[in-house]
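Thank you all for making the time this morning. Before I start talking, please take a moment to look at the sequence and the structure on the screen.

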Amino acid sequence: MTSKLTLTKRRTFLTATAAIAGAQFTGPFIIKARGETPVKIGFIDPITGSLSALAVSEVEGAKWTVAEMNKKGGILGRQVELLVEDSANDTGTGVQKAHKLIERDKVDMIMGDVNSGIAYAIMGVTAEKKVFHIVPGGHTDPITGKDCKWNVFRTCNTTAMDAAAVTNELVKKFGKKWFFITPDYAYGKTLQENFVKNLKKAGGTFEGDMLPISNADFSATLIKAKAYKPNVLLNNMGGSAQLNCMKQFVQFGMAKEMALGGALYELETLRSVPKEALTGWWVFEWWWNQPNVPAVKTFVDSISPAIGNKKPTARHWMAYVSLMAAKLAAEKAKSLEAVKMAHALSDMELPPEVSLSPNKVKYRGGDHQLMSDIFVGEVTQPGPGGPDDLFKVESVVKGEDAAGPAEETGCKISWPA
Amino acid sequence: MLQLVLFNLTNGLIVGTFYVLMALGLSLIINLSNVVNFAHGNFLAIGGYMAFVLTPYIGFWGALLVSPFLTAILGFIIEKVLIRHVYTRNHIYSLLLTFGLGFILQDVCRYIWGPSPLPLNIPESMSAAVTPDLFFITWYRVFMVVVVIVAVAGLFALLRYTRVGMRIRAGTLDLETVSALGVNVPALRSLNFAVGSFLAGLAGVLAAGQLGLNPNMGDDLIMPSFIAIIVGGVGSLTGTLLGGLLIGVAAALTTVFYPSASEAVIYVIMALVLLIRPRGLLGEEGMLS
């Protein structure tokens, strides 16, 4: 009796464990718009999963932008309908949602995903289906590098740009012996490769660990880092993993022995960092406090009430720029055809009220990468600007200076006949 | 290198004790009710978020005491309202029910507290390292281990020395006979589910103090619990204890030599155990057998 019962339970339990992977195939969230033939934009992001905070900001930014766009006549005089899908931070689900948006919902263009691996996979679908696609916030380099496509543009920086922008600052201030803590997926790998390339150029040495993306406990790797005695600990993790790594770094007293830095930091994560752990040198891809750029203040004042009176983050900006760029491309091309839009957006300089940046910004024709400004600086205790005033910009690096020539990215765009 | 290995061995045991706490609650529910509670990680998150809400009013220590009880009450209610209806049905019903419940609880957390990570403030003195040499052992981590030891000892004492505990153990072996002897099985199952939820809530508060809060925290922490149970042996709480410690140590030691595999190694251990000893390490002669 006992063994039979145990066997049944074990089988049930094993079946259950095998079934843990799940996908959400619910209908998309739709902003309804007036007009019989709206322009449909599919927006895929990991609204659930470890990157959800970033994804939610992008979706907030997209909804606000579409609402504002519709107030001003939409795109080509047609209202815009935003169809938001959750990729659940899973590549298979993301690809499935891209197929659904293109084949069933007949969207005119696709935006997404925050997760580099998913963005990369979706790119394969949009290229095959010849659908105009902007990646607002997935950083891995091949998207606008060796695997670039004629129909795909990217708004956020490449990892090469972020790494190049901050490396010199860290070497100059702290030294050339580094320890990396990096997430083991597309974004992390290309980011660390770029850091290593720049560090080696400066004559530096390094060690490091590649850890699972959702790693929660960093004590084991921090033990190794402490034994290595580096000048700088590079925390390349993202989201809550980055935050936990930072907290444990401070708890273990390591802040007294080495500097902390990294490529990309996000305001969504920074808001959750305990005061004692607010430290380190990082890159922000956009920052809400740019006193010398009037358009930024207008944008911040307009969007804040729609997002809980918080300051907009780089993720809100990425969604805004991506959607506004698509609108500009359609209007320049006078068409929603992907090829015409892609030609129109290549090398198009964005107006200041769209770029919201101090320098001239464009999607470079050679690789379709946005050459946006990069904000390098130090995380600080809350400043006079309020609870979101947590970053002091030390330098603004021009996108083209950090990216290097398009030819060096390995991108060769092949246009359809 | 030896020092690095010893440090990580110690660290792995600390992390393992936490897996034990999570897995024991899950194991308890599986053993008596034959329900694999996929929402267990979400009960953990609810416990953490309750502590977040309570801390400003009753402090961390108060929240540590109250939140697990509130989670247990929530578990008790959910068992009464939802779970009890699937006990007599095919297992797939309980799997689907708890799987869906997990998503609902996660979205409730996201709706109320937002998707961004939130910190649970612990007393400042707990954040400091015990000694400069053992810098990775903070007072909070020591405290976590002590709480887990007390909780596990309390659970084992409850099961071995109290009437309710004996009924739970007997029910695990032969529920029909226990019922025929006049034991109120529905009440026993509800109580058992509440105890499992209590342990999830306690794990949630402890995890939140260490890692902060986010709506997905349960998802990130639940898989090691499942694996601890499989490795230790379904039906054996002692096995779950052993399984949790084993995977904690394995993950920490793997980080020394091949960090990318620190997560994969626990699945490899599970696969090996299933191949060599399918009932798990102590699956036949555990405490409940």
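Predicted model: local features only at pLDDT ≥ 70, side-chain atom pairs only at ≥ 80, totals over all residues.

Residues are numbered from 1 along each chain as its sequence is written, and chains are lettered from A and ligands numbered from 1 in the order in which they are written.

Let me take the chains in turn. Chain A comes to 14 helices and 13 strands, where helices (H or I, at least four residues) and strands (E, at least two) are DSSP runs numbered from the N terminus. Its C-alpha trace spans about 75 × 65 × 45 Å along the principal axes. The radius of gyration of chain A is 22 Å, which agrees with the value near 22 Å for a compact globule of 417 residues; that radius is taken over C-alpha atoms, and the globule rule is 2.2 Å times the number of residues to the power 0.38. Buried residues make up 56% of chain A, a residue being buried if 20 or more other C-beta atoms, placed from the backbone, lie within 10 Å of its own.

Chain B, by contrast, has 10 helices and 0 strands. For its 289 residues the globule rule gives 19 Å, and the radius of gyration of chain B is 19 Å, so chain B is as compact as a globular protein of that length. In chain B, 54% of the residues count as buried.

Now to the sheet. How many strands form the open sheet in chain A? There are 7, in the order β8-β7-β9-β10-β11-β12-β13, with mixed pairing; two strands pair if DSSP finds at least two bridges between them. Because β8 (205-211) and β13 (391-397) of chain A each have a single partner strand, they stand at the edges, and one side of each is left without a neighbour in the sheet. From one strand to the next, the twist averages 25 degrees, with axes fitted to C-alpha atoms, for helices over the stretch in contact, and angles running from 0 to 180 degrees between N-to-C directions. Within this sheet, β11 (residues 281-284) and β12 (residues 374-379) of chain A run antiparallel and are joined by 4 bridges, and A:Val283 has A:Val376 as its bridge partner in β12(A).

Helix α8 (residues 239-251) of chain A packs on the sheet, where it touches β7, β9 and β10 of chain A, and its direction makes about 155 degrees with that of β9(A). Helix α7 (residues 219-228) of chain A is mostly covered, with 7 of its 10 residues buried. Those buried residues pack against β7, β8, β9 and α8 of chain A together with α1 (2-33) and α9 (237-257) of chain B, contact meaning C-beta atoms, placed from the backbone, within 7 Å.

Leaving aside neighbours within four places in sequence, B:Leu21 is in contact with B:Val148, B:Ala151, B:Leu199, B:Leu202 and B:Ala203.

Note on methods. Contact = placed C-beta atoms within 7 Å. Buried ≥ 20, exposed ≤ 12 C-beta atoms within 10 Å, placed from the backbone.
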